[in-house]
Amino acid sequence: MAKKRKKATLAQEAARTPNTKAPGRGTWRVMDKGSSVVAGLLAQRASAIAWRTVTGRKPPTSGRHPEVSTREAVAWAMVGGGIIELVKVGVRRGTATYWVRSTGQLPPGMKPLVKAPGTTKEPALAEPAPTQSSTQKVSRRSRGR
């Protein structure tokens, strides 16, 4: 029976890829900000379309308007906010995935979520820290210096 190969995550692929000259932090910032703007524009349209599909009416333009009922204003806030966040997450994740596939590395500032086996959180100390066995009084200002 053949063994099934586990699918490698994008972060694991990035860790295995040799470090070559990759686009810099500035390129990632532009891509990230650009994806946020695009997501915001798409999210507004997507939430308006969803509202029209569900209610058959235009979405409320203002929750403060006296002709808009409280129930409708709250429903619009919940539906609109949820859809906006879903679209933003989808677009920004897509941008990060594109970065990893095109450069072979995680975007600048992003760390892998899964640690390599056998690594610890902090490096082990070579020697234990010295203990202070002296009974001499030390002022508060000079402690730890």
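At roughly what angle do the axes of H2 and H3 cross, and within what distance do they come?

1. The axes of H2 and H3 come within 8 Å and cross at roughly 145°, and the crossing is right-handed. The residues that make up this contact of H2 with H3 divide into 18 nonpolar, six polar and four charged. Please keep in mind throughout that this is a predicted model.

2. As to the chain overall, its secondary structure comes to three helices and zero strands, and the elements run α-α-α from the N terminus on. Of the 145 residues of the chain, 17% count as buried. Among the contacts with a separation of 6 or more, residues 24 or more positions apart account for 68%.

3. Helix H2 covers residues 25-55, and because 31 residues at 1.5 Å a residue should span 45 Å, the 44 Å between its end C-alpha atoms agrees with expectation. Its buried residues are Trp-28, Asp-32, Ser-35, Ala-39, Ala-43, Ser-47, Ala-48 and Trp-51, and these buried residues pack against H3. In general, an α-helix has 3.6 residues a turn, so residues three or four places apart point the same way. H2 is followed by Gly-56, for which phi is positive, near 80°.

4. Helix H3, residues 70-103, has 34 residues and reaches 49 Å from its first C-alpha to its last, which is close to the 50 Å expected at 1.5 Å a residue. The buried positions of H3 are Glu-72, Ala-73, Gly-80, Ile-83, Val-87, Thr-95, Ala-96, Trp-99, Val-100 and Thr-103. Just after H3 comes Gly-104, which takes a positive phi of about 80°.

5. In one of them the side chains of Asp-32 and Arg-92 meet, with a distance of 2.9 Å from N to O. This pair links distant parts of the chain, since Asp-32 belongs to helix H2 and Arg-92 to helix H3, 60 residues apart. Are the two partners buried or partly exposed? Asp-32 counts as buried because its relative accessibility is 16%, under the 20% at which the cut-off is set, whereas Arg-92, with a relative accessible area of 38%, is partly exposed.

6. The other salt bridge joins Glu-72 and Arg-57, whose closest N and O atoms are 2.9 Å apart. Here too the pair links distant parts of the chain, with Glu-72 in helix H3 and Arg-57 in the loop between H2 and H3, 15 residues apart. Glu-72 has a relative accessibility of 18% and therefore counts as buried, while Arg-57 is partly exposed, with a relative accessible area of 45%.

7. Which residues is Glu-72 in contact with, leaving aside its neighbours within four places in sequence? They are Trp-51, Arg-57 and Pro-60. Of these, Trp-51 is one of the buried residues of H2, and Arg-57 is the salt-bridge partner of Glu-72.

Terms used. Residues numbered from 1 in each chain as written. Predicted model: local features only at pLDDT ≥ 70, side-chain atom pairs only at ≥ 80, totals over all residues. Heavy atoms only, no water. Helix = DSSP H or I, 4+ residues; strand = E, 2+ residues; numbered from the N terminus. Expected span 1.5 Å × (residues − 1). Buried < 20%, exposed > 50% of the residue type's maximum accessible area, 1.4 Å probe, protein only. Contact = heavy atoms within 4.5 Å. Salt bridge = Lys/Arg side-chain N within 4 Å of Asp/Glu carboxyl O. Axes fitted to C-alpha atoms, helices over the stretch in contact; angles between N-to-C directions. Left-handed = near helix turned anticlockwise from the far one by under 90°. Nonpolar A, V, L, I, M, F, W, Y, C, P; charged D, E, K, R; others polar.
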